[in-house]
Amino acid sequence: MSKFFSQTLSPAVREIRFLMSQSGAASSGARNFILANYPVIKKHNQDLPVLIREAEGTPARAFARFERGVEKHVELDGLSSTEVESKVAQLLGVGKK
């Protein structure tokens with residue numbers, strides 16, 4: 001279980017969206033991250049939309065939409081599951097003290 005996502009995210013986060021290839025090797029870290037962390041994220045953020053979009057040949061990326069329509073993203077293509085976790089936590093501002 002992820003130490004970053006076992007808490008409620010900031011209310012400023014309005015949506016999390018993952019795009020990736022359903023079978024491409026470069027997206028395997030993102031797929032493994034989703035399998036391991038989606039249940040934890042939803043458990044602590046039940047009303048937060050977490051969208052997963054898969055399309056063949058799509059590079060792995062994560063988007064976060066914040067209040068006032070601000071949207072940020074990170075590239076996840078070719079990263080391991082641990083690296084994906086770190087990038088997504090950074091995108092969402094999780095774990096900052």
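Rings of Phe, Tyr and Trp are said to pair if their centres lie within 6.5 Å, and planes over 60 degrees apart count as edge-to-face, whereas planes under 30 degrees apart count as stacked and the rest as tilted. With that cut-off, the structure, which is a predicted model, holds two aromatic pairs.

The two pairs are set out here.

| Pair | Centre to centre | Angle between planes | Arrangement |
|---|---|---|---|
| Phe5 and Phe33 | 5.6 Å | 70° | edge-to-face |
| Phe18 and Phe33 | 5.9 Å | 50° | tilted |

Phe5 belongs to the segment before strand 1 and Phe33 to helix 1, so their pair ties together parts that are 28 residues apart in sequence. Phe18 lies in strand 1, and its pairing with Phe33 in helix 1 therefore ties together parts that are 15 residues apart in sequence. Phe5 and Phe33 are both buried, and Phe18 is buried as well. Taken together, Phe5, Phe18 and Phe33 form one aromatic cluster.

The strands come next. Strand 1, which covers residues 13-20, pairs with strand 3, residues 61-66, in the antiparallel sense over six bridges, and in this pairing Glu15 stands opposite Arg65 of strand 3. Strand 3 also runs antiparallel to strand 4, to which five bridges join it, with Ala62 standing opposite Val74 of strand 4. Strand 3 and strand 4 form a hairpin that has four residues between the two strands, and Arg68, in the turn, has a positive phi of about 65°.

Lys72 is found in strand 4, which spans residues 71-75. Is Lys72 buried, exposed or partly exposed? With a relative accessible area of 46%, Lys72 is partly exposed. Leaving aside residues up to four places away in sequence, Lys72 touches Ala62, Phe63, Ala64, Phe66 and Leu91. For Lys72 and Ala62, which are 10 residues apart along the chain, the C-alpha atoms are separated by 8.4 Å.

Glu56 counts as exposed, at 55% relative accessibility. Its contacts, again not counting residues up to four places away in sequence, are with Ser21, Gln22 and Ser23. The C-alpha atoms of Glu56 and Gln22 are separated by 6.2 Å, although the two residues are 34 residues apart along the chain.

The helices remain. Two packed helices are described by the angle between their axes and the distance between the axes. In this model, the axes of helix 1 (residues 28-44) and helix 2 (residues 81-92) come within 8 Å and cross at roughly 70°. Since angles of 65 to 115 degrees count as roughly perpendicular, helix 1 and helix 2 are therefore roughly perpendicular to each other. From helix 1, the residues Gly29, Ala30, Asn32, Phe33 and Asn37 meet Ser81, Val84, Glu85 and Val88 of helix 2. Sorted by class, this contact of helix 1 with helix 2 has four nonpolar, four polar and one charged residues.

Technical notes. Residues are numbered from 1 along each chain as its sequence is written. This is a predicted model: local features need pLDDT of at least 70, side-chain atom pairs count only at pLDDT 80 or more; totals for chains, interfaces and linings use all residues. Side-chain values use heavy atoms; hydrogens and water are left out. Axes are lines fitted to C-alpha atoms, for helices over the stretch in contact, and angles run from 0 to 180 degrees between N-to-C directions. Angles under 35 degrees count as roughly parallel, over 145 as roughly antiparallel, 65 to 115 as roughly perpendicular and the rest as oblique. Contact means heavy atoms within 4.5 Å. Ala, Val, Leu, Ile, Met, Phe, Trp, Tyr, Cys and Pro count as nonpolar, Asp, Glu, Lys and Arg as charged, and the others, Gly among them, as polar. Buried means under 20% relative accessible area, exposed over 50%, partly exposed in between (1.4 Å probe, protein chains only). Two strands pair if DSSP finds at least two bridges between them. Rings of Phe, Tyr and Trp (its six-membered ring) pair if their centres lie within 6.5 Å; planes under 30 degrees apart count as stacked, over 60 as edge-to-face and the rest as tilted.
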